[in-house]
Amino acid sequence: MRGRRAYDVPVTAIAAALLSAAAMTLIVGLRYLASSGAFALATRAAHPGLYTGLDAQIRREIGWSLASAAIYGAPAGVVAWGWRSRGWTLIYTDVHAWPLWYLPLSVLLYLLAHDAWFYWTHRWMHRPGPFRLAHAVHHASRPPTAWAAMAFHPIEALTGAVVVPALVFVVPIHVAALGLVLAIMTVMGVTNHMGWEMFPRFMWRGPLGGWLITASHHQRHHADYRCNYGLYFRFWDRLCGTDRGIGVFGSPPLRRRR
């Protein structure tokens, strides 16, 4: 009996971790469909005809994105199981475990870390070999649509999937703050690919717009390829001389809400 018990525990744990990975994959997939679908509907309402003729491309974007959902969801699900069952991570639920001022700081730390990782892996993806092997899948969207946010080759999806699961082991964060980080990641990923600006003018023009990335900035990357590699902020692009600002590059031209 003792031997069976010693054997059953790890098998049960593995099954629970796999179930958590499957559940998280489903959640990520549904989150993608809901967010991209909502912004695609917003695009249809604000700019009818912007995605005309792109049906085949959109189907391809959805297919790659759902495959990416599994790559993002599986490690996140295992980490979530480890947090709940084994206390593996530095995610906390007691809001008073850390000072209240740390809540917004932790969100900023995660965004800055994710942005830095994205910038440098994204630049690496634009080297000839990695581009042909993986990143060309994402750039096959010409122009990108709201459905293209997760349209990645599995290799590229894997480079993005490890960031947040790794950070929860080294940077403490409240579970609600982590939820906010994931919400920002989702919204920015979708809106940066919509092909038009839905945010107020001050977010993409003026002093604040000089540091934040929105559709105007990222659309130029999809048109030029050799610039504007950032995800949330323009800091690394400016520091490394790869920021070419915003513009009306792309076909059809980038449209801005009046």
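Visitor: How do the residues lining the largest pocket divide into nonpolar, polar and charged?
Guide: Ala, Val, Leu, Ile, Met, Phe, Trp, Tyr, Cys and Pro count as nonpolar, Asp, Glu, Lys and Arg as charged, and the others, Gly among them, as polar. The model in view is a predicted one, and its largest pocket has a volume of about 430 Å³. By that classification the lining of the largest pocket divides into 17 nonpolar, two polar and one charged.

Visitor: Which residues lie nearest the centre of the largest pocket, and which elements give two or more residues to its lining?
Guide: The lining of the largest pocket has 20 residues, and Met-24, Ala-76, Val-164, Leu-178 and Leu-182 lie nearest the centre. Two or more lining residues are given by each of α1 (2–46), α2 (55–86), α5, α6 and α7.

Visitor: Which element supplies the largest share of the lining of the second largest pocket?
Guide: The second largest pocket has a volume of about 210 Å³. Its lining has 14 residues, and nearest the centre lie Ala-40, Arg-44, Tyr-51, Thr-52 and Ile-58. Elements giving two or more of these lining residues are α1 and α2. The largest share, five residues, comes from α1.

Visitor: Which element gives the largest share of the largest nonpolar core?
Guide: This core has 24 residues, and those with the most contacts inside it are Tyr-110, Leu-111, Val-168, Ile-173, Leu-178, Val-181 and Tyr-232. At least two core residues come from each of β1 (91–92), α3 (102–125), α6 (163–167) and α7 (175–191). The largest share, five residues, is supplied by α7.

Visitor: Which residues does Leu-111 touch, leaving aside those up to four places away in sequence?
Guide: Leu-111 is among the residues with the most contacts inside the largest nonpolar core. Beyond four places in sequence, Leu-111 touches Val-181, Ile-184, Tyr-232 and Phe-233.

Visitor: Where is the cis peptide bond that ends at Pro-143, and what is its omega?
Guide: Most peptide bonds are trans. Pro-143 is placed in the loop between α4 (128–139) and α5 (154–161). The bond from Arg-142 to Pro-143 is cis, with omega near -5°.

Visitor: Is Asn-228 buried or exposed?
Guide: Asn-228 lies in the loop between α9 and α10, and its phi is near 55°, a positive value in a residue other than glycine. Tyr-225, found in the loop between α9 (215–224) and α10 (235–240), has a positive phi of about 75°. Because its relative accessibility is 0%, Asn-228 counts as buried.

Methods:
Residues are numbered from 1 along each chain as its sequence is written. This is a predicted model: local features need pLDDT of at least 70, side-chain atom pairs count only at pLDDT 80 or more; totals for chains, interfaces and linings use all residues. Side-chain values use heavy atoms; hydrogens and water are left out. A nonpolar core is a set of buried Ala, Val, Leu, Ile, Met, Phe, Trp, Tyr and Cys residues joined through side-chain atoms within 4.5 Å. Buried means under 20% relative accessible area, exposed over 50%, partly exposed in between (1.4 Å probe, protein chains only). Helices (H or I, at least four residues) and strands (E, at least two) are DSSP runs, numbered from the N terminus. Contact means heavy atoms within 4.5 Å. On a 1 Å grid over the protein atoms alone, a cavity is a set of points where a 1.4 Å probe fits but cannot get out, and a pocket is an open set with protein on both sides within 12 Å along at least five of seven lines; lining residues have an atom within 4 Å of a point. Grid points are joined across faces, edges and corners, and a volume is the space filled by probe spheres set on the points.
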